[in-house]
Amino acid sequence: MEARMTRTPARSIRGVNAAAVTARRPGDPGIDLAATFELIDFLSASGVQAIALLGTTGEFLHFDLRERTRLVELAVKRSRVPVVAAVGHSTLDGALLLGREAACAGASALVVMPPYFFRYQQDDIKEFYLRFAAGIKGAAPVFLYNIPFFTSEISPETAVELLATGLFAGIKDSSGCWETFLRLRAAREEKPFTLLVGNDVIFARARAAGADGVISGVAGALPELMVALDRAIVAGDAPQRERLDARLQEFISWVDRLPAPIGVREAAALRGLKVGPPAVPPGPEGQRLLAAFRDWFKEWLPEVQKECKDA
């Protein structure tokens, strides 16, 4: 099967791109496709530039290869904005299978983390990415995905070396490390690529300093906040940027107290989206925090929505 020829160029994966949660049915470990389509409709209408599926916020590791390929295929048909497919796997062969299927389905880009669970050295990571690029054969733009919280880190030196090959469209850096961002930004001056933030904590600062955009977990539940914040940054409206970034940090301070991505899932559910239960139910302290979060969010959201409309 040949990859579709019509897709959004990698250079268009900019601005605010929402990392979507993946809906689940109670008592069923599989994907709730109908509920996920409602979420895709919500995000498509929100002003985001693209929707990223099955990344960390999408809890990809809970779902088998068949479910993941099917979701991307159907989402590309459903979405009114480009779909970015995360194709992380514990093996090269698994990542390649997911990548090829996503490219054939018409995904606008592939986002690939280093193989997860086991820790790998930088030489292993370089070899993995070079073989992945060779196996994909240009069927879709490929983004490196650095997320050291959950798998082996792509060091700045390794990232720069890989990006200099021209085989990769760019990088989603979720490290949240300002020094790493600066190193990547400097490398982009020598060899152009798309530099995306993957950690919402530093988004406003990095975007103002030249990041091309963000793949945002927060945007999966609060797209209007991230879109309004991005608009303020691009317009050079410093007071509005500071106000909206303060709102973003308020939200992050809450969700960081809960296991990822329970807080984002709960926020989406409180907005009427049928995301289903968390994969692992929280214990008594987590339940207490969730109840407090719900009370806080219900009061906080209308104020933020008004501020975003006024932005």
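A cavity is a set of points, on a 1 Å grid over the protein atoms alone, where a 1.4 Å probe fits but cannot get out, while a pocket is an open set with protein on both sides within 12 Å along at least five of seven lines; lining residues have an atom within 4 Å of a point. This is a predicted model, in which local features need pLDDT of at least 70 and side-chain atom pairs count only at pLDDT 80 or more, whereas totals for chains, interfaces and linings use all residues. Residues are numbered from 1 along each chain as its sequence is written, and side-chain values use heavy atoms, with hydrogens and water left out.

**Exercise 1. Describe the second largest cavity: its lining, its volume and the classes of its residues.**

Step 1. The lining consists of Leu54, Arg68, Thr69, Val72, Ala86, Val87, Leu98 and Ala102. The elements that contribute two or more residues are α2 (65–78) and α3 (92–105); helices (H or I, at least four residues) and strands (E, at least two) are DSSP runs, numbered from the N terminus. The most comes from α2, with 3 residues.

Step 2. The volume is about 40 Å³. Here a volume is the space filled by probe spheres set on the points, and grid points are joined across faces, edges and corners.

Step 3. The lining divides into 6 nonpolar, 1 polar and 1 charged residues. In this scheme Ala, Val, Leu, Ile, Met, Phe, Trp, Tyr, Cys and Pro are nonpolar, Asp, Glu, Lys and Arg are charged, and the others, Gly among them, are polar.

**Exercise 2. State how many cavities of 30 Å³ or more the structure holds, and describe the largest.**

Step 1. There are 2 such cavities of 30 Å³ or more.

Step 2. The largest cavity has a volume of about 60 Å³. Its lining is formed by Ala19, Ala52, Gly55, Ala86, Val111, Tyr145, Lys172 and Ile215.

Step 3. Sorted by class, this lining has 6 nonpolar, 1 polar and 1 charged residues.

**Exercise 3. Describe the largest pocket and the second largest pocket.**

Step 1. The largest pocket holds about 590 Å³ of space. It is lined by 26 residues, and Thr57, Phe150, Gly198, Asp256 and Ala260 lie nearest its centre.

Step 2. Both α9 and α10 supply at least two residues of the lining of the largest pocket, and α10 gives the most, with 3 residues. By class, the lining of the largest pocket has 16 nonpolar, 7 polar and 3 charged residues.

Step 3. The second largest pocket has a volume of about 350 Å³. Of its 18 lining residues, Thr56, Leu61, His62, Phe150 and Ala260 lie nearest its centre. This lining has 13 nonpolar, 3 polar and 2 charged residues.

**Exercise 4. Check the length of helix α9, then describe its start and its packing.**

Step 1. The expected span of a helix is 1.5 Å times one less than its number of residues. For the 18 residues of α9 (residues 238–255), at 1.5 Å a residue, the span should be 26 Å, and the end C-alpha atoms are 26 Å apart, which agrees.

Step 2. At the start of α9, a side-chain oxygen of Asp237 comes to within 3.2 Å of the backbone nitrogen of Gln240.

Step 3. Buried means under 20% relative accessible area, exposed over 50%, and partly exposed in between (1.4 Å probe, protein chains only). The buried residues of α9 include Gln240, Leu244, Phe251 and Trp254. The buried residues of α9 pack against α7 (203–208), α8 (223–235), α10 (262–270) and α11 (284–310), where contact means heavy atoms within 4.5 Å.

**Exercise 5. Is His89 buried or exposed, and which residues does His89 touch?**

Step 1. His89 is located in the loop between β3 (83–86) and α3. His89 counts as buried because its relative accessibility is 17%.

Step 2. Not counting residues up to four places away in sequence, His89 touches Leu65, Arg68, Gly94, Ala95, Leu98, Pro115 and Tyr116.

**Exercise 6. Is Phe128 buried or exposed, and is Gly138 buried or exposed?**

Step 1. Phe128, in helix α4 (residues 122–136), is buried because its relative accessible area is 7%. Leaving aside neighbours within four places in sequence, Phe128 is in contact with Thr91, Leu92, Ala95, Val112, Met113, Pro114 and Pro115.

Step 2. Gly138 lies in the loop between α4 and β5 (142–146). Gly138 counts as exposed because its relative accessibility is 67%.

How values were computed
A polar contact is a pair of N or O atoms within 3.5 Å; within protein, one must be able to donate a hydrogen and the other to accept it, and residues adjacent in sequence count only if both atoms are side-chain atoms.
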